[in-house]
Amino acid sequence: MNELKESLFRKMLLIRKTEQAIDALFSMGLLRGTVHGCIGQESIAVGLLSHLDPKVDYITGNHRSHGHYLALCGEPEGLLGELMGKRIGAVEGRGGSQHIRYKNFFTNGITGGMVPIAVGLAFAQKKRGHGGIVVAFFGDGAMNEGYVMEAFNLASVLQLPILFALENNGFAMSTDQKTTTAGNFESRIKAFGIEYHFDQATNAIETYQKCGQLVEQVRRKGTPLFAEFQTHRFSGHSKSDPREYISEELDAYWRTNDPLERLGKEIDPGKKSQIELEVEKRIEDAKIRSMQSPFPNPENEYEGEEK
Amino acid sequence: MARTTYIENLREGLKELLRTEVEAFLLGEDIAEPYGGAFKVTKGLSTEFPGRVIQTPMSEQGFVGMGMGMALAGMKPVVEIMFGDFSTLIVDQLVNHGAKFPWLYKTPMHIVIRTPMGGYRGYAATHSQSLERLFFGQPNIKVVAPSILQDPGRLLIHSLQQGLPVFFVENKLDYPRKMLEQTKNFQDLEIQRRGLEFPTAQVQVAGFEEPDLTIITYGGLVQMALDLQWKFMIEEEVAIKVVVPSQLSPLALNPILGFIRNDPQLLLLEEGVQPFGWTSELYVRLKENGFEGSVSRVGSKPLVIGAAQVLENHVLPGMDRLEETIRKRVEKHE
């Protein structure tokens with residue numbers, strides 16, 4: 001158990017510290033574009049993806065996928081380098097924050113757009129019968145996109161091996177879900193004939209264990225499941241967002257229940273400091289390597305593309 | 001693919017794909033038996049290839065996205081959109097997803113979206129349009145149009161090997177038409193082709209090789225162009241050359257230039273709305289590449305296609321309008 005706690009803590013801390021490093025690099029003017037941070041949501045990425053193999057399973061992410069990427073590969077230079085537009089980046093500077101690939105993990109920047117694609121990946125998994133499954137991450141904003149509903153219907157009709165993972169942080173950008181969303185997610189999902197599970201993602205170990213059961217069930221039965229993770233985003237929607245729409249009370253509740261902080265308290269303090277140092281060093285090293293990495297050469301990157 | 005009609009030729013192509021590509025699948029609405037597709041293109045295939053024809057709900061965004069996912073996994077889906085007009089619904093999955101993956105993720109995407117475009121059948125505003133223009137010029141989307149001159153089945157097979165999404169523009173009026181080599185005029189025609197996978201074809205009437213005018217068009221309007229070519233030859237001894245590319249975007253310019261470089265005048269013809277259309281781009285590119293003759297254009301007017309025949313005729317390019325344009329051009333030239 002201690003080993004598990006330390007391993008989850010290390011992975012979650014790597015995500016949080018990398019996100020903080022990204023914020024710092026932005027304030028120093030070293031990054032272009034924008035980012036969508038996932039501070040506060042780390043336990044879902046880590047809890048779920050620790051049970052998957054990106055060589056066998058397919059995973060789709062969204063605009064807020066830094067955590068998913070790091071949970072899968074643990075290589076901060078892939079992310080930092082990508083944000084700097086460097087060759088060392090996950091897709092060599094082609095994609096930036098929102099368009100990342102790592103093995104069978106793919107993200108894209110259109111809200112909900114990867115969910116029907118995940119259904120197609122699940123169709124391939126089923127037809128090939130190699131035991132692989134699909135996990136599709138999306139946020140509560142995507143729950144109001146039409147093609148996401150179409151994807152649920154397709155996955156249910158075709159009985160595909162897919163786990164839909166809703167990271168519900170309550171806000172679609174700045175818009176409070178309560179003002180835009182009729183009914184509730186549970187009844188929507190059940191209406192599609194898909195089994196629904198809920199996790200108040202405040203306890204990383206519990207989240208990890210529940211995810212293990214869900215992944216195992218999808219693998220065994222080959223049919224769709226839906227998991228809603230109630231979570232909180234301490235990052236702004238994007239880098240320029242001062243989070244005026246989030247109340248003090250909500251932040252206070254989640255500060256007390258922050259899964260990373262809670263997990264940290266369950267680890268031997270000496271071990272914890274050691275992990276913290278190692279993670280800091282890993283990120284520092286990734287930062288330096290990313291800065292040293294060259295920019296892509298447009299002539300090479302677009303070679304043979306213009307027709 | 002030596003089948004008599006366009007639709008048979010196309011269906012043969014689909015069959016060959018299903019026979020030779022173990023991971024080829026057909027997706028679409030009402031494409032399985034007993035219906036076999038709104039235009040019967042996939043008739044019989046769900047029986048002949050069990051499990052390979054996936055009849056989908058009416059969720060164009062959803063099942064095109066599913067096709068993109070299958071292609072991302074390395075499968076080879078062919079997705080039917082029942083009417084070309086419905087391709088407005090799938091723009092996001094094509095433009096923002098499928099077209100981005102080959103370059104962003106360095107992974108080939110073998111997927112064809114095939115759909116019938118075009119009017120002249122009284123289907124009115126939302127079932128008659130030629131909306132392939134939505135995808136013209138989009139990076140990493142190839143727009144291909146077969147015709148009675150260009151083996152639809154063969155083009156389809158090539159389209160699935162491109163490694164990037166292909167938007168495959170069929171034409172409703174073309175389905176029952178005979179392939180050109182099956183028609184009675186065929187023996188009097190001289191046909192040349194340039195290009196391998198998506199050839200551009202040139203049709204001339206034997207003995208009329210010095211064109212008074214050259215029509216460049218594609219897809220369903222090829223028949224109209226050939227009818228006029230024949231009519232002008234018989235009635236007025238006017239020589240019309242017809243040039244037909246099958247790859248519309250990116251524009252296959254060199255084969256076209258090869259056929260028309262020394263021709264005196266061109267008439268660019270498309271069924272889509274003319275302003276900002278395919279012929280607009282073609283016009284500019286021909287001029288940029290040194291074509292010196294005169295060029296005129298005929299396309300649809302930028303108006304909603306009405307239901308009544310007189311309204312439809314007013315909007316779409318028809319024989320009368322085309323004939324009048326040709327006559328003026330030819331007289332002026334003489």
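This is a predicted model: local features need pLDDT of at least 70, side-chain atom pairs count only at pLDDT 80 or more; totals for chains, interfaces and linings use all residues.
Residues are numbered from 1 along each chain as its sequence is written, and chains are lettered from A in the order in which they are written. Local features need pLDDT of at least 70 and side-chain atom pairs count only at pLDDT 80 or more, while totals for chains, interfaces and linings use all residues.

**Exercise 1.** Describe how chain A touches chain B, and find which element gives the largest share of the side of chain A.

*Solution.* Start with the totals: 27 residues of chain A are in contact (C-beta atoms, placed from the backbone, within 7 Å) with 23 residues of chain B. Next, look for elements that give two or more residues to the chain A side: these are α5 (114–128) and α6 (146–158) of chain A, where helices are DSSP runs (H or I) of at least four residues and strands (E) of at least two. The largest share, eight residues, comes from α5(A).

**Exercise 2.** Work out how α6(A) is placed against helix α3 (residues 60–72) of chain B.

*Solution.* First take the axes, which are lines fitted to C-alpha atoms over the stretch in contact, with angles from 0 to 180 degrees between N-to-C directions. The two axes come within 8 Å and cross at roughly 70°. α6(A) is therefore roughly perpendicular to α3(B), a term for angles of 65 to 115 degrees. Finally, list the residues that make the contact: A:Gly146, A:Tyr147, A:Glu150, A:Ala151 and A:Leu154 from α6(A) meet B:Gln61, B:Gly62, B:Phe63, B:Gly65 and B:Met66 from α3(B).

Notes
Two residues are in contact if their C-beta atoms, placed from the backbone, lie within 7 Å. Angles under 35 degrees count as roughly parallel, over 145 as roughly antiparallel, 65 to 115 as roughly perpendicular and the rest as oblique.
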